[in-house]
Amino acid sequence: MDIEKQTKKVMLTAIQNYSKKYDVHESDVQLMIKSGDDNCTPFYQLLINNKVKKDLTFNEILNVKIDFLGRETIVAPFIGSGLRRLRREHGCKSEELNILIYKKSSDANNPYLYFFKGNEAIKPLGFDFIFGELNK
């Protein structure tokens, strides 16, 4: 199983599902990964037009009641590692770490990531930043 490819697919599907649920264009839906503690345990939020709509569980992103495949157990350590690396590289506090996941109107087949330190836009991220350890 290609974890990076599956994660991208899950993100795109979640954006599509929330777009339908809230009757907005897919490019108006964003997911946010935030750090939940000093160990950078990820938690998630749904944004509509860049405004927080609600907190999400990983199962809500997957659109399942129970994740029998254990996808959160597999992906969360990679995301946490990426958050800790961003914290070190940018000298920020855990609660300032935000990774925005979004879809461009011009590219319906790929999700994009952007790192924010608090509300300050810092830089785009590639999925290799989070899953690069798999390729070593």
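Two strands are said to pair if DSSP finds at least two bridges between them, and the strands themselves (E, at least two residues), like the helices (H or I, at least four residues), are DSSP runs numbered from the N terminus. The model described here is predicted, so local features need pLDDT of at least 70 and side-chain atom pairs count only at pLDDT 80 or more, while totals for chains, interfaces and linings use all residues. Residues are numbered from 1 along each chain as its sequence is written, and side-chain values use heavy atoms, with hydrogens and water left out.

**The sheet**

An open sheet of 6 strands runs in the order β3-β2-β1-β4-β5-β6, with antiparallel pairing. Because β3 (51-56) and β6 (120-125) stand at the edges with a single partner strand each, one side of each has no neighbour in the sheet. Direction ignored, neighbouring strands are turned by 30 degrees against each other on average. Helix α3 (residues 71-90) packs on this sheet, where it touches β1, β2, β4, β5 (107-117) and β6, and its direction makes about 85 degrees with that of β2. Contact here means heavy atoms within 4.5 Å, and the angles, which run from 0 to 180 degrees, are taken between N-to-C directions of lines fitted to C-alpha atoms, for helices over the stretch in contact.

| Strands | Residues between strands | Residue with positive phi |
|---|---|---|
| β2 and β3 | 2 residues | Asn-49, about 50 degrees |
| β5 and β6 | 2 residues | Gly-118, near 65 degrees |

The antiparallel strands β2 and β3 are joined by 5 bridges, and Ile-48 has Lys-51 in β3 as its bridge partner. Over 5 bridges, β5 and β6 also pair in the antiparallel sense, with Leu-125 in β6 as the bridge partner of Leu-113.

**An aromatic pair in a helix**

Rings of Phe, Tyr and Trp (its six-membered ring) pair if their centres lie within 6.5 Å, and planes under 30 degrees apart count as stacked, over 60 as edge-to-face and the rest as tilted. By this rule there are 4 aromatic pairs. The rings of Tyr-18 and Tyr-22 have centres 6.5 Å apart and planes at 25 degrees, so this pair is stacked. Both residues, Tyr-18 and Tyr-22, lie in helix α1 (residues 3-22), 4 residues apart, which is about one turn of the helix.
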